Amino acid sequence: MDIYIITEPMVRGRYWSSGYTEGIRQETAKIKGRFTEITPDELDRVREDALPGQRPLVIVNCISRAWTGSCLELLGDTGIHPLLLTPFGWETPGDYSTVSLDFYTTFLSLFHYLSRAGRRRIALLGMNPDSVNDTVKRRAFAAYQRTPPEDTAHIFWNHGSLQDCCARFCAQREAYDAVVCTNDVVAIKLIALCNADNIRVPEDLWVAAMGNTLLSGFISPQITVAEMDCPAIGRQAVRLYAFLRRNPGVSSLRAVTPGRIIVRASTGSVPDASAFLQSAPSRAACMNSLNFYADADVSHIFWLENLFRNCEETDRRILMGILCGKTYAALAEEIFLSERAVKYRVHRMVKLAGCRSREELTAMLTQYID
């Protein structure tokens, strides 16, 4: 059986999207199927592959309302059932199925974790006013505070500059003993500013976030996160795909997967009472008029994420040596490589990080790695 998938260009290559793909490939291999990526102009392949009595189906890896709406309309016109793969619940009317994260409960868990650990003066940092996805985080914060959702107290908004957003929080930092960031990209930037401003994490401030980039577990201190189990979402999507294909009488299905808290040094490594969360209804969608990814700091962090995802252990040792100011000759002797091989690896890592030189890469790294 072919498992067909269409991916929205905006999410291609993002760490959560790669996690979905990993889970889809794992489950597809288990059922001895074939994972097939297609574009919207290749939908005839999906219909031709469906056997008599089976429903033509395609997984749609998406995030934005506009692109997803257009894709749903196209699939509806061609009689193909969409299975939306999203990090949130989707409420647009139509005949489609979804696999999503229990976003509301997962995010709410961070506030309760901090509260159970005695941190109750909590701020919410990095809210995008144009992201419908972030509204669910605002509702979770309001539920924790037991205030109306429209209450903006203790919320720090990102109006297009992550630097300014984090700087505003740092200026009022003494009012809080903990902060929950809307995602770990915001948390990475915040910790870099805290290090520069002599704000000690976790001694002065606990930091937690949604998400789990590789970089969040690599910087110092490592960041406590509420993790989306993206491979699990991908695996669940294949199971639903197979069921829906065999059962055209089932109009649609909605599956929700739980998240979990991964405790790290940014909250003092204080254990959580329950690592895995119970599922609850989640009502969220995402629309980004204010493009979070266009921010320069966000772009740098994603470039670094790309770097670390494509690095071997030898590469990481070279990076640490570069940060310590070691020469190519010293690195070659330490790692048992030729000097030429070290230079080649550095050149490759410079490109992976979107930099033009070793010096530019070093400058970018020192912003986030102590």
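Two strands are taken as paired if DSSP finds at least two bridges between them, strands (E, at least two residues) and helices (H or I, at least four) being DSSP runs numbered from the N terminus. The model is predicted, so local features need pLDDT of at least 70 and side-chain atom pairs count only at pLDDT 80 or more, while totals for chains, interfaces and linings use all residues. Residues are numbered from 1 along each chain as its sequence is written, and side-chain values use heavy atoms, with hydrogens and water left out.

View A. Six strands, in the order 2-1-3-4-5-11, form an open sheet with parallel pairing. Strand 2 (34-37) and strand 11 (254-257) stand at its edges with a single partner strand each, so one side of each is left without a neighbour in the sheet.

**View B. Strand 1 beside strand 2.** Strand 1 (residues 2-7) runs parallel to strand 2 and is joined to that strand by four bridges; isoleucine 5 has glutamate 37 of strand 2 as its bridge partner.

**View C. The second largest cavity.** A cavity is a set of points, on a 1 Å grid over the protein atoms alone, where a 1.4 Å probe fits but cannot get out, and its lining residues have an atom within 4 Å of a point; points are joined across faces, edges and corners, and volume is the space filled by probe spheres set on them. The second largest cavity holds about 30 Å³ of space, and its lining includes Tyr4, Asp49, Arg55 and Tyr241. Helix 2 (44-49) and helix 8 (230-246) each supply at least two residues of this lining.

Terms used: On a 1 Å grid over the protein atoms alone, a cavity is a set of points where a 1.4 Å probe fits but cannot get out, and a pocket is an open set with protein on both sides within 12 Å along at least five of seven lines; lining residues have an atom within 4 Å of a point.
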